[in-house]
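Work through the exercises below with the sequence and the 3D structure at hand, and try each task before you read its solution.

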Amino acid sequence: MTTKPYADPDAGKTPQQLYAERTKRMADALQLKQPDRIPIQLGFGYMLAEMGGITRQEQHENGAKEQELLEKAALQFQPDSVMGLFNNPGASVALGDRMTKFPGHGLNPNGSFQFVEGEYMKPEDYDAFIDDPADWSIRKYWPRVFPELEGLALLPPLGIGAFGAYALPQLGILKAPPVVKALQALGRAADAQAVADARAVNSVQRMAALGFAPPTFMGSIAEAPFDFMSDTLRGMRGIMLDIHRRPDKLLAAMDKVLRLQLEYAIAFHRATGLTTCFIPLHRGSDGFMSLAQFEKFYWPTLKAMQVTLVENGIMPFVFYEGVWDQRLKYLVELPKAKTTGLFQFSDIFKVKQVVGGTMCIAGGMRNSLLQAGTADDVCELTIKLCREVGKGGGFIMTTGIGEMEGCKPELVKVWVDTTKEYGVY
Amino acid sequence: MSKELIDAITDMREDDALKLTQELLASSTDPLTILDDCREAMTAVGRRFEVGEYFVPELILAGEILKSISAEVKPRLKQGGAAKQGAKVLLGTVKGDIHDIGKDIVNFMLDVNGFQVTDLGVDVPPEKFVEQIKQLQPPIVALSGFLTLAYTSMKDTVDAIKAAGLRGKVKIMIGGGTIDEQICAYAGADAFGKDAMAAVNLAKQWTGGK
């Protein structure tokens with residue numbers, strides 16, 4: 001395709017100038033406006049380990065090294081915004097977490113982080129969960145999923161705290177060896193998390209100093225209430241059976257988790273000033289349930305969640321995982337220009353047609369093309385994305401998956417450069 | 001044949017299906033007939049899935065109903081039912097990937113369409129596929145994967161089959177969330193399928209079925 005030499009329009013600009021331009025470019029797109037050109041965000045993920053010749057385990061665990069690789073890759077490709085890994089194993093390892101596997105912990109050092117779904121909540125747990133989710137989580141659920149916290153099962157019902165001075169005799173249990181062990185493990189997990197948090201904040205500041213806009217994911221995390229009940233509690237099998245066997249209990253539980261997640265996300269926003277809530281969606285995409293089931297079990301609470309977040313000054317950054325082609329018409333009900341959708345495998349051109357007037361769209365580039373395609377393939381798709389999905393603004397170019405494991409650096413360069421060239425408005 | 005039982009299963013009336021089974025057994029119905037009814041009902045469930053009337057909740061519930069009925073019926077069976085005659089399919093999620101939802105749906109749909117599926121589970125190393133191809137001699141191998149690392153694992157698996165001199169003996173299909181034509185060519189598979197019906201159609205095509 002294009003053979004003329006590529007001249008980077010950002011060449012020669014200072015980091016401060018680039019930061020200001022890129023931040024505005026991202027903000028304009030997020031607010032459904034037309035920026036000067038289409039912003040591009042690279043969520044490198046494990047591509048950093050590949051480029052740096054280190055194991056994925058090292059990337060997860062050696063913060064300084066990951067930061068070094070992130071800076072190097074960012075400066076090499078010069079996109080508007082970048083991300084490394086989004087999670088770290090510290091707290092999970094400290095607690096013996098059964099629901100995650102990290103490279104080097106249950107996987108070989110070059111494995112991919114994976115989530116291990118299970119039926120951690122049994123059907124007979126529904127009543128206790130609905131009655132008092134806090135007590136059930138800490139005394140029943142944590143000991144099941146975090147083996148280091150088994151001692152918490154010895155605690156009295158947490159609500160006994162309301163007994164004031166009469167509850168104090170219960171404190172002796174905190175000295176029982178299994179409880180002591182659990183509290184120590186919690187302390188180690190908290191320490192690991194604090195280190196990770198500091199690393200994340202430091203990384204964003206360093207990237208800003210180098211001229212890169214903050215990534216779109218920064219903020220709290222929440223899930224559609226149906227996914228909350230499915231992912232970490234009932235598991236896919238369990239939740240799908242609940243739709244038929246105990247729909248009322250499922251709905252009652254979802255109402256609880258809607259409210260507690262909103263309380264958390266709003267408090268997080270007020271405490272940190274961060275305005276994004278990241279919402280990855282799992283079981284609501286095409287293929288898992290019928291539209292009738294979607295209308296009853298998935299959409300109402302997901303919509304209510306987004307509307308309430310928006311009312312509280314928070315922008316939901318929603319990862320529409322899987323394919324949403326049959327469900328796009330619902331998304332038009334969301335408040336205009338107040339939410340963002342990252343689309344994984346939906347038909348991105350159809351997404352633009354249906355929801356382009358409602359929300360900023362992120363995604364578009366296929367990971368398979370950046371791994372196994374040719375430069376011409378990448379160039380062709382990029383130009384099409386710029387022309388059709390970028391039309392009028394409200395588009396952030398990223399990979400649909402959000403991460404870039406296995407992508408070839410030379411194809412990534414073609415992609416970024418083509419976006420800068422053809423994404424100009 | 002009990003149309004009532006078939007309908008109860010097909011319509012997801014779990015309690016009715018179990019009660020009817022117990023009644024049929026109490027009235028000395030041949031247990032094999034009940035299993036035939038189950039098979040017919042599962043085929044109907046598969047058809048409703050194909051046309052987009054049923055989804056994952058119904059496939060899982062149908063599997064559960066079948067399990068409960070089998071538990072009632074099995075103790076009364078004098079001899080096993082006739083062995084399945086359909087072509088063999090070797091199925092598994094490739095090394096490094098533990099996702100099983102798509103694979104399980106493919107298993108269900110191949111099974112109700114008469115194929116004999118051997119499911120090797122998840123995180124299956126290439127050598128395991130090779131060993132099982134030698135042992136079972138299936139005409140079809142189906143590789144599933146959801147993570148992007150599956151691209152490489154699929155390629156490694158196909159390469160291992162090649163290296164073992166078995167590539168000419170099997171047709172290989174791949175599928176899963178992120179799989180497309182690029183990855184099919186990259187991995188050296190014969191075809192990729194977008195969903196479970198595509199897997200059934202490919203399997204039929206490759207074994208001369210309709």
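Predicted model: local features only at pLDDT ≥ 70, side-chain atom pairs only at ≥ 80, totals over all residues.

**Exercise 1.** Determine how the radius of gyration of chain A agrees with that of a compact globule.

Solution. Begin with the makeup of the chain, which has 16 helices and 11 strands. Next, take the extent of the C-alpha trace of chain A, which spans about 80 × 45 × 35 Å along its principal axes. Then apply the globule rule: because chain A has 425 residues, a compact globule would have a radius of gyration near 22 Å, and the value of 23 Å for chain A agrees with this. Finally, look at the inside of the chain, where 48% of the 425 residues are buried, and at its contacts: among those in chain A with a separation of 6 or more, 73% are between residues 24 or more positions apart.

**Exercise 2.** Find the order of the strands in the open sheet of 3 strands in chain A, and name its edge strands.

Solution. The order in this sheet of chain A is E4-E3-E5, and the pairing is mixed. The edge strands, each of which pairs on one side only, are E4 (106-107) and E5 (114-115) of chain A. Now follow one pairing in detail: strand E3 (residues 100-103) of chain A runs parallel to E4(A) and is joined to it by 2 bridges. At the level of residues, Phe102(A) has Gly106(A) in E4(A) as its bridge partner.

**Exercise 3.** Identify which residues of the largest nonpolar core touch the most other members.

Solution. This core has 169 residues, of which Met154(B) and Ile174(B) touch the most other members. Helix H9 (residues 225-245) of chain A gives the largest share, 9 residues, while domain 1 (3-76) and domain 2 (88-206) of chain B each supply at least three residues. Leaving aside neighbours within four places in sequence, the contacts of Met154(B) include Val94(B), Leu143(B) and Ile174(B). In soluble globular proteins, nonpolar side chains tend to be buried together.

Conventions:
Residues numbered from 1 in each chain as written. Chains lettered and ligands numbered in written order. Pairing = 2+ DSSP bridges. Helix = DSSP H or I, 4+ residues; strand = E, 2+ residues; numbered from the N terminus. Rg over C-alpha atoms; globule rule 2.2 N^0.38 Å. Buried ≥ 20, exposed ≤ 12 C-beta atoms within 10 Å, placed from the backbone. Contact = placed C-beta atoms within 7 Å. Core = buried A, V, L, I, M, F, W, Y, C linked by C-beta atoms within 7 Å. Domains from an automatic or database assignment.
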